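Good morning, colleagues. Please look at the model on the screen while I take you through two of its features.

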Amino acid sequence: MSALTPQSDMPTPTTDKITQAAMETIYLCKFRVSMDGEWLCLRELDDISLTPDPEPTHEDPDYLMANERMNLMNMAKLSIKGLIESALNLGRTLDSDYAPLQQFFVVMEHCLKHGLKAKKTFLGQNKSFWGPLELVEKLVPEAAEITASVKDLPGLKTPVGRGRAWLRLALMQKKLSEYMKALINRKDLLSEFYEPNALMMEEEGAIIAGLLVGLNVIDANFCMKGEDLDSQVGVIDFSMYLKDGNSTKGNEGDGQITAILDQKNYVEELNRHLSATVNNLQAKVDALEKSNTKLTEELAVANNRIITLQEEMERVKEEGSYLLESNRKVAKDRTADGHALTEARKQLKEETQLRLDVEKELEVQIGMRQEMELAMKMLEKDVCEKQDTLVALRQQLDDLRALKHELSFKLQSSDMGAKQKSELNSRLEEKTNQMAATIKQLEQSEKDLVKQAKTLNSAANKLIQKHH
């Protein structure tokens with residue numbers, strides 16, 4: 001789509017031609033759509049002069065960048081809103097051939113390309129938004145799966161194709177908004193790829209990331225292997241976003257179907273969150289069981305240690321009793337040497353001290369054993385509570401599945417009711433037409449009877465006159 005301002009190598013158009021071109025230009029939110037080099041340049045209608053300037057005027061680059069950011073944000077709003085409304089009305093999984101979805105990816109591509117720094121290579125300068133998207137896997141570990149999938153696709157040869165495939169996989173995961181928010185929050189990393197006044201570096205990028213949350217209600221399925229993403233031309237079709245003044249409001253049945261579809265999408269989203277919660281609780285239960293097994297092994301080791309200490313204490317008691325009896329014999333006999341008696345007393349003292357130390361260690365081990373038993377009881381209680389919670393969550397999951405089936409059945413019933421209403425309307429129209437034809441026949445018969453009555457009346461008057 002060309003701009004209204006003529007190029008230097010073309011003849012200057014007349015005022016009538018410029019006015020005609022302005023009338024034929026597509027306007028969106030009081031903006032004129034034109035191209036300025038590689039980027040869309042959407043200028044306000046009040047800023048357009050319908051007479052050609054004798055010389056081109058100089059415009060501030062910051063003003064142009066701000067204008068481009070605002071226009072791209074408005075296009076993103078229109079694209080996301082139109083995609084959500086059309087997808088909910090369609091009521092099925094979207095594929096790559098769906099036109100509003102294709103236009104959404106084109107708008108997102110323009111948003112990601114805005115303000116990109118040109119990188120010099122041996123083939124020249126290159127601008128690609130695949131570099132910033134590769135950073136997402138460092139910020140959000142869940143994005144590493146789709147990044148690896150994109151790199152493994154055999155048909156992609158250019159960074160632009162990889163970026164387009166990444167956007168499609170992120171939308172299928174329903175986490176495109178989460179990834180974009182994580183990327184926009186790290187402007188220190190984005191400054192390597194974008195100019196300071198680029199869309200991704202300003203608040204318009206955060207607004208677009210917030211708008212992407214609404215796409216989580218859409219189910220999309222893409223086949224990347226047979227699609228040529230490298231050579232696609234990203235051109236925005238503005239005719240899809242024009243308002244039709246003759247459009248009529250949907251009937252009450254369509255509103256009910258839309259409400260049922262919204263409830264179905266909400267139940268599916270809630271079902272996914274509950275499944276994730278059940279998996280997390282199951283992982284916690286497995287971890288607690290492993291910890292319980294480890295504590296049981298440690299308790300067995302502590303019991304073996306206590307038994308060993310008790311045996312050592314019995315042996316020390318036997319040695320002490322043996323030494324006491326020896327000392328008694330020495331005292332009775334009084335024949336032993338004084339030096340041997342001193343050594344025996346010293347040994348007895350050492351053995352007594354050893355016995356006291358063993359008893360203290362035994363008490364410490366008994367206390368540790370009691371603490372371990374208490375910890376085991378608390379762990380068993382916690383495991384029981386977690387299992388009860390797990391059973392309750394599974395029951396809720398079953399209830400939600402039943403609700404989902406019931407909503408699906410209601411959707412089918414509403415479709416059948418709409419068909420019956422349409423058939424009834426057609427029958428009523430036929431009966432109405434038949435009654436109208438009958439009324440016309442009756443009116444014609446009435447006219448004929450009136451004519452016959454007038455004729456008979458005139459004949460009767462003539463007979464009366466002749467009689468007189």
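I shall speak about a helix pair and then about the cavities.

This is a predicted model, in which local features need pLDDT of at least 70, side-chain atom pairs count only at pLDDT 80 or more, and totals for chains, interfaces and linings use all residues. Residues are numbered from 1 along each chain as its sequence is written, and side-chain values use heavy atoms, with hydrogens and water left out.

Helices here are DSSP runs of H or I with at least four residues, numbered from the N terminus. Helix α3 packs against α7 (residues 159-173) at an angle of about 120 degrees, and their axes are 11 Å apart. On the α3 side, the contact (heavy atoms within 4.5 Å) involves Leu101, Phe104, Phe105, Met108, Glu109 and Leu112. From α7 come Val160, Arg164, Leu167, Arg168 and Leu171. By class, these are 8 nonpolar, no polar and 3 charged residues.

I turn to the cavities, which are sets of points on a 1 Å grid where a 1.4 Å probe fits but cannot get out. There are 3 cavities of 30 Å³ or more. How much space lies in the largest cavity? The answer is about 50 Å³. Its lining residues, each with an atom within 4 Å of a point, include Met108, Leu112, Met180 and Leu212. Two or more lining residues come from each of α3 (99-113), α8 (176-184) and α10 (203-211). The lining has 10 nonpolar residues, 1 polar residue and no charged residues.

Note on methods. On a 1 Å grid over the protein atoms alone, a cavity is a set of points where a 1.4 Å probe fits but cannot get out, and a pocket is an open set with protein on both sides within 12 Å along at least five of seven lines; lining residues have an atom within 4 Å of a point. Grid points are joined across faces, edges and corners, and a volume is the space filled by probe spheres set on the points. Ala, Val, Leu, Ile, Met, Phe, Trp, Tyr, Cys and Pro count as nonpolar, Asp, Glu, Lys and Arg as charged, and the others, Gly among them, as polar. Axes are lines fitted to C-alpha atoms, for helices over the stretch in contact, and angles run from 0 to 180 degrees between N-to-C directions.
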